[in-house]
Amino acid sequence: MASKFTYDPYRPHAYYRHYDDPVSPDTTSAGDRDDDARSESTSGTPAPSVYSFRSSVDGKVLLREAQGRKFNTQNDLYFLPADEQEYARLDMQHRMHLKGIDGLYIRKDDVRKVLAPDSGAQKAILDVGCGTGAWAIGMAEEFPHAQVVGIDLAPCTSRPLPDNCRLEFDDVTLGMSHYHNCFDLIHLRCVGNGVKDYPALIEDLSKCLRLGGILLIVEADLQVLNSHKEPIEPAFRPGKPNQSWVARICFEAYNTMKARGSSMDCGRQLLSWLKNEPLLKGEEYQKLHFPIGPWEKNRKDEKRAAHLEEVGELCRRSMKEFSRSVRPLLISEGYFPEIVDKIIRCIDDELSTLSVHTYTQWHYFSAQKRKPSA
Ligand SMILES: C[S@@+](CC[C@H](N)C(=O)[O-])C[C@H]1O[C@@H](n2cnc3c(N)ncnc32)[C@H](O)[C@@H]1O
């Protein structure tokens, strides 16, 4: 799809927060500092101590290498790559969600209402854990009057951004008080792996919403299901029917990430956490299942069949790549590389033959910031 904005190669594409917190490394000399970046922000979304990203300087400090892949250096908990290969996987997953929910967000009427231009403060959107920036860019294009900020441990810095969108290097768990009361819409998709205390994050993000603002959260479930939507057994030996190697890598990834402290069960607990947050109201929840591969047929409805095929194909390709993304994590936790590589080969085989029919599960949530009662 042709982009609606002009690419200015001289415009900084990403920034990183450098305030008084000791966690952000100070790599910029006075000469590197880009004061224009700060004055450029006309959004009503403050950009505290914002510096433009210089890939030659900051790339070395904000990214590290392991097992031939690049990773963020800010947060040890999140150990999935931040490189072009991973961004390509996230692109596929993003397109899967676009298809799956027919757009960038659920609760469409409420979101459009809250983002409709008015004479008050400029509308503002935050995407937490923005990754490639695809969602943030999509929102900036759909709502050109709004300012969109994406934050991530390692956002993609190689893509052009619309003028009303900026991406920041940041760890959301370090505290977001600089953004309290700044946003009409906040979106998080698949960040649980980089978060230890999710209820505390919900509280902090609720404070970042303006009154009536909307919080949208999407989290994956690493429990793979069979074609009857029941949990499928992970495969441990080749040739066993009704077992899945995709389920196996998800099982190993889940256990490893959970043992390290990631919020791997957040999808199942989020609704009660949202309901317990006094600043929020109107919580909504829906679970979607995406077929892994184009195996689910709907013979009665051609349009639906084409849709399922497309979603299934995107899900299959992103799942195949996910096995590569978790490889460095598993090896760093003591798995033998040969075993991990064998699992990956079995996954490739399972996904190319579609020998078992499986689904991934996705949890979608929304809630709204309460207006104070009179
Ligand atoms: C699986 S990716 C999803 C990216 C994007 N939300 C999407 O759906 O395409 C998770 C992203 O969240 C980011 N992330 C994880 N923990 C984070 C944290 N504590 N603060 C900021 N970003 C975080 C990661 O760096 C990664 O880019």
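1. Of the 374 residues of the protein chain, 45% count as buried; a residue is buried if 20 or more other C-beta atoms lie within 10 Å of its own, exposed if 12 or fewer, and partly exposed in between, with C-beta atoms placed from the backbone. The model is a predicted one: local features need pLDDT of at least 70, side-chain atom pairs count only at pLDDT 80 or more, and totals for chains, interfaces and linings use all residues. Residues are numbered from 1 along each chain as its sequence is written.

2. The protein chain has 10 helices and 13 strands. Both are DSSP runs numbered from the N terminus, helices being H or I with at least four residues and strands E with at least two. Among contacts between residues at least 6 apart in sequence, 70% join residues at least 24 apart. Two residues are in contact if their C-beta atoms, placed from the backbone, lie within 7 Å.

3. The ligand is surrounded by 23 residues, the closest being Gly129, Gly131, Arg189, Cys190 and Gly194; a residue is near a molecule if its C-beta atom, placed from the backbone, lies within 6 Å of it. At least two residues of this shell come from each of helix 3 (84–101) and strand 6 (147–152). Helix 3 gives the most, with 3 residues. By class, the shell has 11 nonpolar, 9 polar and 3 charged residues. Here Ala, Val, Leu, Ile, Met, Phe, Trp, Tyr, Cys and Pro count as nonpolar, Asp, Glu, Lys and Arg as charged, and the others, Gly among them, as polar.

4. Gly194, one of the residues closest to the ligand, is found in the loop between strand 8 and helix 6. Gly194 counts as buried because 25 other C-beta atoms lie within 10 Å. Leaving aside residues up to four places away in sequence, Gly194 touches Asn75, Leu77, Tyr78, Gly129 and Leu153. The C-alpha atoms of Gly194 and Ser262 are separated by 6.1 Å, although the two are 68 residues apart along the chain.

5. In helix 6 (residues 198–208), the residues Tyr198, Leu201, Ile202, Leu205, Ser206 and Cys208 are buried. They lie on the same side of helix 6, because they cover an arc of only 150 degrees around the axis; the arc is that of the directions from the helix axis to the C-beta atoms. Their cover includes strand 5 (124–128), strand 8 (183–189), strand 9, helix 8 (266–276), strand 12 (280–291) and strand 13.

6. Which residues of helix 8 are buried? They are Cys266, Gly267, Leu270, Trp273 and Leu274. These residues line one face of helix 8, because they fall within an arc of 95 degrees seen down its axis. On the other side of helix 8, Ser272 and Asn276 are exposed. The buried residues of helix 8 pack against helix 6, strand 9, strand 12 and strand 13.

7. Helix 7 (residues 245–260) packs with helix 10 at an angle of about 140 degrees, and their axes are 8 Å apart. Axes are lines fitted to C-alpha atoms, for helices over the stretch in contact, and angles run from 0 to 180 degrees between N-to-C directions. Helix 7 is therefore oblique to helix 10; angles under 35 degrees count as roughly parallel, over 145 as roughly antiparallel, 65 to 115 as roughly perpendicular and the rest as oblique. Trp245, Val246, Arg248 and Ile249 in helix 7 meet Ile343, Cys346, Ile347 and Glu350 in helix 10. This contact has 6 nonpolar, no polar and 2 charged residues.

8. Helix 9 (residues 302–332) also packs with helix 10, at an angle of about 175 degrees and with the axes 10 Å apart. The two helices are therefore roughly antiparallel to each other. Helix 9 takes part through Arg316, Met319, Lys320, Ser323, Arg324, Arg327, Leu330 and Ile331, and helix 10 through Pro337, Val340, Ile344, Ile347, Asp348 and Leu351. By class, this contact has 8 nonpolar, 1 polar and 5 charged residues.

9. Lys229, which is not a glycine, has a positive phi near 65 degrees, and its place is in the loop between strand 9 (209–226) and strand 10 (233–234). Lys229 counts as exposed because it has 11 C-beta neighbours inside 10 Å. Leu354, likewise not a glycine, has a positive phi of about 50 degrees; Leu354 is found in the loop between helix 10 (337–353) and strand 13 (358–369). With 15 C-beta neighbours inside 10 Å, Leu354 counts as partly exposed.
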